[in-house]
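Keep the viewer open as you read.

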Amino acid sequence: MTVLESGPLGRQLAMAYSNRSQLHMLAGERETAVTWGERARTLADRLGDVETSVHAAINVSSARLMDGDDGAIAALGEAHERASSLGLADHAARALVNLATSLVELAEYGAALPAVERALAYAVRHDLDGYVQYLLGVRAGVRLARCDWTGALADADAALDRPVRGGVAVVPALVARGRIQAARGEPEAPATLDEAARQAGRTGEVQRVCPVAAARSECFLWYGDAGRAAEEARRGLDLAMTVSHPVYVGELAYRLWRAGGTGIPGAVARPYQMMIDGDWAGAAAEWDRHGAGYARVEALAGGDQGAAAEALRVLDGLAATRAAERLRAELRGRGFTRVPRGPRRATAAHAAGLTPRQAEVLALLVEGLSNAEMAGRLSLSVKTVDHHISAVLGKLGVSSRGQAAAAAHRLNLVRDPAN
């Protein structure tokens with residue numbers, strides 16, 4: 001940039017300013033992002049460089065939205081329309097993606113879902129595969145937050161079945177899948193979130209690293225390791241505090257508090273502060289306004305007997321067995337005498353601890369389908385089918401497909417096609 005500034009002012013310098021603005025925006029350095037973005041836009045407009053002007057406007061509006069500027073929502077919409085009218089599909093998509101993901105980062109899940117849907121539809125129409133993969137993972141996270149776990153896993157599967165296996169695009173899908181696996185007590189959860197941490201760590205970006213840290217802290221707590229849960233929450237919290245990210249500071253402070261850690265910040269995002277302070281009813285109402293059903297369940301879990309019973313009903317409905325078991329233990333420790341029992345196993349497939357997708361794979365395995373044939377039947381990749389089969393073998397305690405089929409018949413896990 002120094003070399004460019006020493007010569008005639010031109011388009012390359014304007015774009016260099018805008019690229020720097022984007023890097024600061026991605027790092028959560030919002031004020032600096034706005035400064036460089038406005039410098040880029042001023043120069044681009046003077047030069048008649050519309051593309052760079054749009055690029056800079058997206059950076060500036062994205063940073064301002066994260067600072068609570070409601071006008072930035074309309075500004076990103078205008079940037080999208082301007083870019084689209086000029087045939088700048090990638091810029092137009094980025095405006096919608098930034099709007100959607102910013103709403104997710106702000107935990108505004110009610111507004112985020114239609115924004116994600118709009119961005120995804122645009123990316124699909126314009127064959128922007130990288131954005132499609134990323135947005136499927138983002139939508140998985142939104143659906144998880146809204147307690148649509150079937151939809152969340154479908155989106156996560158669709159994102160992770162695409163050819164690109166690493167980088168930014170896979171992180172949201174891995175986080176969504178890993179959180180659900182952890183809540184359900186599935187043994188694959190730690191490995192899924194370890195992979196999310198590896199991919200996020202390569203970027204060093206707040207919006208990648210902090211959600212992974214929160215998910216891993218939650219997972220460690222479900223699996224009984226409060227020390228590691230606190231350590232992971234602290235690591236993410238330190239990063240979130242460097243950029244004063246309102247929601248990430250709140251979530252990671254809450255995770256640290258849940259794990260028994262010390263050094264909780266004095267003031268965090270309102271609903272998280274309410275949960276830490278024991279105002280479960282206020283927090284539940286606040287989360288409801290945000291469209292955050294799963295966070296509402298967490299708030300209710302800290303409440304009175306009726307609220308906790310409602311939380312358990314939701315967790316049982318989500319098949320979040322590990323989360324529900326821990327909550328039941330906590331309620332007994334708090335002296336509750338009428339802790340609702342978990343649901344009875346309605347089917348033999350549930351008795352084996354298989355997820356719905358794993359039960360489908362087992363049924364096809366019993367039919368004698370190859371992995372490739374299963375992949376075609378279920379619209380998954382062969383690699384994902386391999387992953388599910390390994391999980392099925394582990395849960396059944398067997399080492400081969402033949403043994404799995406025999407166990408399925410012995411335990412009545414699948415219907416006999418002859419009956």
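On the α7 side of the helix pair, Y109, A112, L113, V116, E117, A119, L120, A123 and V124 meet Y131, V132, L135, L136, V138, R139, V142, R143 and A145 of α8, where contact means heavy atoms within 4.5 Å. Sorted by class, that contact has 15 nonpolar, no polar and 3 charged residues; here Ala, Val, Leu, Ile, Met, Phe, Trp, Tyr, Cys and Pro count as nonpolar, Asp, Glu, Lys and Arg as charged, and the others, Gly among them, as polar.

A quick word on what you're looking at: this is a predicted model, with local features needing pLDDT of at least 70 and side-chain atom pairs counting only at pLDDT 80 or more, while totals for chains, interfaces and linings use all residues. Residues are numbered from 1 along each chain as its sequence is written, and side-chain values use heavy atoms, leaving out hydrogens and water.

Back to the pair. Helix α7 spans residues 109-125 and helix α8 residues 129-145, and their axes come within 10 Å, crossing at roughly 160°. (Helices are DSSP runs of H or I, at least four residues, numbered from the N terminus; axes are lines fitted to C-alpha atoms over the stretch in contact, with angles from 0 to 180 degrees between N-to-C directions.) So α7 and α8 run roughly antiparallel to each other, the label for angles over 145 degrees. Their crossing is left-handed, meaning that the near helix is turned anticlockwise from the far one by less than a right angle.

Helix α8 also holds Q133. Is Q133 buried or exposed? Q133 is buried, with a relative accessible area of 3%; buried means under 20%, exposed over 50% and partly exposed in between, using a 1.4 Å probe and protein chains only. Beyond residues up to four places away in sequence, Q133 touches A159, R162, V164, A169 and V170.

Now for the cysteines. A search of the whole structure turns up 0 disulfides, a disulfide being a pair of cysteine sulfur atoms within 2.5 Å. C147 is in none, and the nearest cysteine sulfur, that of C219, is 18 Å away. For C219, the closest cysteine sulfur is in C210, and at 18 Å this is too far for a bond. C147 is partly exposed at 24% relative accessible area, whereas C219 is buried at 3%.

Last stop: E286, in helix α16 (residues 280-290). With 12% relative accessibility, E286 counts as buried. Setting aside neighbours within four places in sequence, E286 is in contact with R270, P271 and M274.

Technical notes
Helices (H or I, at least four residues) and strands (E, at least two) are DSSP runs, numbered from the N terminus. Angles under 35 degrees count as roughly parallel, over 145 as roughly antiparallel, 65 to 115 as roughly perpendicular and the rest as oblique.
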